[in-house]
Protein chains: 2
Amino acid sequence: MANLPAPIKDIQFIADEVLDLTGHYQKLGVHEELDAETFVTVLDEASKFLHEYVGPLNNPADAQGCRIEGNIVTTPDGFKELYKNYCESGWSSLDGDPEYGGQGLSYWLQLILGELNTYYCPGWSNYPGLTHGARELLDHFASEELQAKVLPKLTTGEWSGTMCLTEPQCGTDLGMVATAAKPAGDGSYRVSGTKIFITSGEHDLTENIIHLVLARLPDAPEGTKGISLFLVPKFLINDDLSVGERNGVAAASIEHKMGLNSSATCVMNFDDAKGYLIGEPNQGLRIMFTMMNGARLNTGIQGLAATQASFQNALAYAKERLQMRAPEGPKYPNKPADPIIVHPDVRRMLLTQKAFAEGNRAMAYFAGQQLEVIKHSKDAEEVKRAEQILAFLIPIIKGFITETALEATTHGIQIYGGHGYIKEHGQEQWYRDARIFTLYEGTTGIQALDLTGRKLLQIQKGQIGHMADIIQDFINQHDTPYNKQLQKALDDWQDITAFITRSATKDPNEVGSASVDYLMLSGYVVLAYFWARLHNSAEHSKGQLGAEFYAGKQKTAAFYFAKILPRIESHQASIRSGADSLMDIQASEF
Amino acid sequence: MANLPAPIKDIQFIADEVLDLTGHYQKLGVHEELDAETFVTVLDEASKFLHEYVGPLNNPADAQGCRIEGNIVTTPDGFKELYKNYCESGWSSLDGDPEYGGQGLSYWLQLILGELNTYYCPGWSNYPGLTHGARELLDHFASEELQAKVLPKLTTGEWSGTMCLTEPQCGTDLGMVATAAKPAGDGSYRVSGTKIFITSGEHDLTENIIHLVLARLPDAPEGTKGISLFLVPKFLINDDLSVGERNGVAAASIEHKMGLNSSATCVMNFDDAKGYLIGEPNQGLRIMFTMMNGARLNTGIQGLAATQASFQNALAYAKERLQMRAPEGPKYPNKPADPIIVHPDVRRMLLTQKAFAEGNRAMAYFAGQQLEVIKHSKDAEEVKRAEQILAFLIPIIKGFITETALEATTHGIQIYGGHGYIKEHGQEQWYRDARIFTLYEGTTGIQALDLTGRKLLQIQKGQIGHMADIIQDFINQHDTPYNKQLQKALDDWQDITAFITRSATKDPNEVGSASVDYLMLSGYVVLAYFWARLHNSAEHSKGQLGAEFYAGKQKTAAFYFAKILPRIESHQASIRSGADSLMDIQASEF
């Protein structure tokens with residue numbers, strides 16, 4: 001299987017030329033030392049490290065998977081040494097607080113590091129990824145005392161983190177959480193219950209694991225209002241931050257999955273485990289959901305990283321595999337056949353992958369910038385605007401980018417023909433690994449309900465809001481060959497939004513019925529905006545990446561507007577057909 | 001994992017009520033003993049056998065896979081006993097010639113047996129499936145002497161068959177076949193070369209394996225015109241039909257695949273192996289392609305069987321899994337949550353699966369009837385018409401049904417949420433297994449080129465032909481709520497066909513650029529016709545399957561026209577955008 005270097009030029013183009021990272025940080029007044037050159041150098045170094053140490057493990061680690069004996073979980077061969085090397089090289093602490101040994105670099109860089117980790121090995125990416133998420137949550141919500149106990153070693157990567165939400169009887173419906181926490185009398189709690197699907201719940205990479213656990217206090221209100229958040233360490237923590245005795249939490253088993261086999265997905269039993277309350281009682285879900293934007297953005301980025309990897313492998317194969325002749329006649333008459341990249345349908349699949357990988361990257365990085373505005377801006381209005389943008393954009397990013405990753409990675413198999421189905425070339429693994437992204441961190445259906453029900457109707461009162469303004473401003477200010485099509489798509493989006501807003505008042509089923517169509521349609525319109533921007537940036541480029549690079553961007557924009565954006569037609573028609581065709585059929589008639 | 005009984009009622013509805021199997025056989029003057037009751041009884045018995053003996057092996061056989069030691073391939077535990085039982089129970093010879101110990105039943109029944117085999121275990125289905133294909137080919141093209149040598153034991157299943165086409169350097173492009181056959185002087189040949197992706201190439205189920213091998217004679221013309229077909233047995237065959245010495249053919253390795261793990265996919269080395277010419281020299285591809293309609297129909301049927309199985313598992317889960325409340329408020333206030341089938345988006349996914357499984361079944365069985373017309377009708381005009389229908393319909397069936405199987409089986413995972421990603425529930429296996437169907441027997445791209453280039457433009461001179469007439473006649477003769485939409489879809493189909501016909505004369509890339517969009521659009525229109533027929537048959541039903549059954553069909557028709565058929569809008573727009581956006585970009589600009 002290929003281990004192709006990550007597309008640093010593409011990352012550079014989006015971050016520097018499309019989204020003006022230098023101006024972004026100057027305006028925010030943070031990371032001003034992070035000019036484009038430094039930014040790219042950091043990522044180039046990261047990519048080199050991962051290419052050397054992570055990429056070669058991707059296939060064998062999938063084949064080997066994780067193992068459990070008793071309650072000891074062993075990660076694939078090479079992960080332990082890799083993890084140590086990764087942390088010692090400073091990658092675990094890229095945006096960590098220098099006070100705790102972190103590098104103090106930007107959140108955006110950390111996001112892209114997550115992309116690179118996934119690009120080289122999705123299963124691996126979740127070990128540093130989850131720790132970073134836990135660290136961020138604790139940084140916001142834990143008491144100073146708790147922070148002092150766990151943040152230093154979470155920052156260096158000596159310890160790792162988990163999020164323990166799901167239980168056998170509840171995934172989406174966290175109001176049904178049954179894990180119980182009772183006060184121990186000394187300010188701590190005793191946590192008991194079973195959690196499932198816990199990523200990195202147990203493994204052999206770190207000396208301690210910090211679990212963030214949703215549980216109910218005695219006499220807590222029913223449902224979502226009665227859930228609190230607890231920190232439960234695998235080993236109790238001594239005052240000198242060394243690990244003490246084993247706590248009452250252990251892996252009962254690991255899941256056998258379709259993919260992501262190098263990531264340990266555990267069933268965790270908490271048996272009178274010592275835990276510490278994070279935040280106020282019964283605020284657990286609120287705290288968890290505060291972290292959701294970052295978590296969902298990360299998952300969207302995992303989707304585009306898988307898309308990118310599958311695309312690059314397929315592109316290399318399409319240039320090299322000789323089969324049949326070009327429709328206009330032989331392009332390489334001296335070879336026994338032409339490379340398959342001459343065939344229009346192979347190009348259709350490659351361009352679809354390319355359009356998704358590169359356009360979705362712009363969409364995701366744009367969201368990353370908004371998160372940095374929220375983190376750093378001192379302008380309350382600007383922060384509010386960024387929050388409103390993200391409220392609407394994050395479910396689109398999570399839902400749309402991961403769904404398009406499924407399509408892209410299946411094209412990645414198809415371009416290889418039968419060779420795509422065998423393990424040798426690695427293309428089938430990208431599909432298997434990517435398949436989790438539309439499921440975890442909230443399924444596509446949940447993203448769609450969040451977008452259509454909660455964000456669009458409840459919060460934005462039926463208005464697309466900032467995203468519509470941003471797109472309209474772009475059209476007004478730039479002259480691209482796609483302005484007319486983009487304007488039409490924006491108008492259609494507004495119209496269908498108004499349609500849903502009206503119909504939702506008449507039938508409570510209309511929101512759910514329209515939701516995934518609406519999410520996908522919104523994704524295609526937003527992606528059209530970004531492809532218009534990419535086209536524009538390529539046209540007025542800095543020239544630093546070479547003429548062919550910019551020509552490729554412009555021609556991919558043309559493809560997107562010609563072949564992909566028209567998908568919004570079908571989604572509109574489906575939405576306008578309403579809820580009846582979904583709701584009329586009785587369960588017994590299925 | 002569930003082992004749910006196959007939907008015999010659904011099969012009965014299509015075969016008996018929609019496609020009038022009794023009238024069909026009476027008109028053809030064959031199998032007149034096969035009334036609807038007998039037909040269904042045979043399938044019911046087959047389903048019971050497979051449910052008991054095949055279904056329980058599906059998951060474990062996937063986990064275990066096939067093994068190779070030296071050149072000996074071992075199938076998963078239980079397959080050897082199962083295969084013996086299957087043959088002894090007469091299932092291998094259902095439509096076999098009674099002269100050779102076959103049951104003399106109909107081809108259509110044999111097709112549905114293939115569906116049932118796939119429904120219970122796709123990997124298993126290919127062992128009897130390939131043998132049946134080899135038997136049919138030999139029945140048409142082998143000399144009487146060869147037939148007498150191999151057909152008896154291929155019919156009973158004591159021996160099995162393969163098709164050896166692909167080589168490392170050629171899959172789609174069979175003109176590049178390099179395997180060589182030279183005359184041995186005694187009327188036989190010596191075959192040498194390497195074949196890959198050979199389904200059932202080597203295994204432990206039968207005492208002999210009959211390989212049908214594409215190879216080149218000395219001085220054969222280059223390309224597709226110089227390929228001949230040879231029968232190469234694993235063991236030479238004595239005059240008394242016992243097996244003699246080992247021939248020079250052996251498995252070199254087996255492939256490690258994404259799915260279909262219980263099917264042995266082999267690399268086969270032919271080393272001066274004794275072979276017998278089938279048909280005339282240099283007619284190998286022509287002979288192989290004569291069998292293509294049946295082979296591609298079978299693959300389409302594998303797609304709908306996987307769709308059906310994934311649907312039934314998802315439906316059972318959706319009725320049982322409690323999570324969240326219905327949008328209108330609790331449907332089961334006494335339970336901790338409502339079953340997820342109350343949620344509109346879960347219904348959207350279930351109905352999509354159902355619409356594909358059941359509508360595609362009608363499409364496939366209709367094609368099966370046409371194949372029986374070709375086999376049995378004495379009316380030359382009728383045979384010609386059936387051939388013309390199939391020329392156009394088979395690439396649609398192969399391409400569209402297998403592509404929709406990918407969509408359906410991914411919904412089958414999504415409905416289960418995270419539980420769909422783990423192996424326990426079997427849903428991820430349906431996706432993995434189904435993923436091969438768009439690849440083997442000609443990829444979707446190849447089906448689309450066959451449909452758009454060869455069949456539509458070259459053979460049908462730009463006319464949809466019979467399928468358009470059949471749909472128009474239905475609209476004229478039946479009053480359904482969907483006539484208007486169906487007429488519009490038919491008109492759109494005619495228009496876009498005319499568009500492609502025109503644009504193809506100007507640019508040779510237009511055909512390939514439009515091809516997959518055109519194939520999918522054609523599939524959606526044809527499926528709309530069958531859903532209108534299903535609706536009509538349910539409305540005027542025999543009543544034998546219960547009111548809920550027929551109501552379900554009518555409501556699924558409503559869903560199909562509301563939510564799925566509008567997809568043709570996007571395909572039309574994509575086709576009309578032409579080839580430029582695919583062809584302008586240079587390979588170096590990707």
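This is a predicted model: local features need pLDDT of at least 70, side-chain atom pairs count only at pLDDT 80 or more; totals for chains, interfaces and linings use all residues.

Colleague: Fine. Where is Asp35(A) placed?

Modeller: Asp35(A) sits in the loop between helix H2 (21-28) and helix H3 (36-53) of chain A.

Colleague: What is phi of His31(A) near?

Modeller: Near 50°, a positive value in a residue other than glycine. His31(A) is also in the loop between H2 and H3 of chain A.

Colleague: Buried or exposed, that His31(A)?

Modeller: Buried, because its relative accessible area is 15% and the cut-off is under 20%.

Colleague: What about phi of Asp20(A)?

Modeller: Phi of Asp20(A) is positive too, near 45°. Asp20(A) lies in the loop between helix H1 (8-18) and H2 of chain A, and at 41% relative accessibility it counts as partly exposed.

Colleague: Changing topic. Which residues are buried in helix H5 of chain A?

Modeller: In H5 (residues 79-88), they are Phe79(A), Leu82(A), Tyr83(A), Tyr86(A) and Cys87(A). They cover an arc of only 125° around the axis, so they are on the same side of H5(A).

Colleague: Why would that spacing work?

Modeller: An α-helix has 3.6 residues a turn, so residues three or four places apart point the same way.

Colleague: And which exposed residues does the face of H5(A) turned away from the buried side carry?

Modeller: Glu81(A), Lys84(A) and Glu88(A).

Definitions and conventions. Residues are numbered from 1 along each chain as its sequence is written. Chains are lettered from A and ligands numbered from 1 in the order in which they are written. Side-chain values use heavy atoms; hydrogens and water are left out. Helices (H or I, at least four residues) and strands (E, at least two) are DSSP runs, numbered from the N terminus. Buried means under 20% relative accessible area, exposed over 50%, partly exposed in between (1.4 Å probe, protein chains only). The arc is that of the directions from the helix axis to the C-beta atoms.
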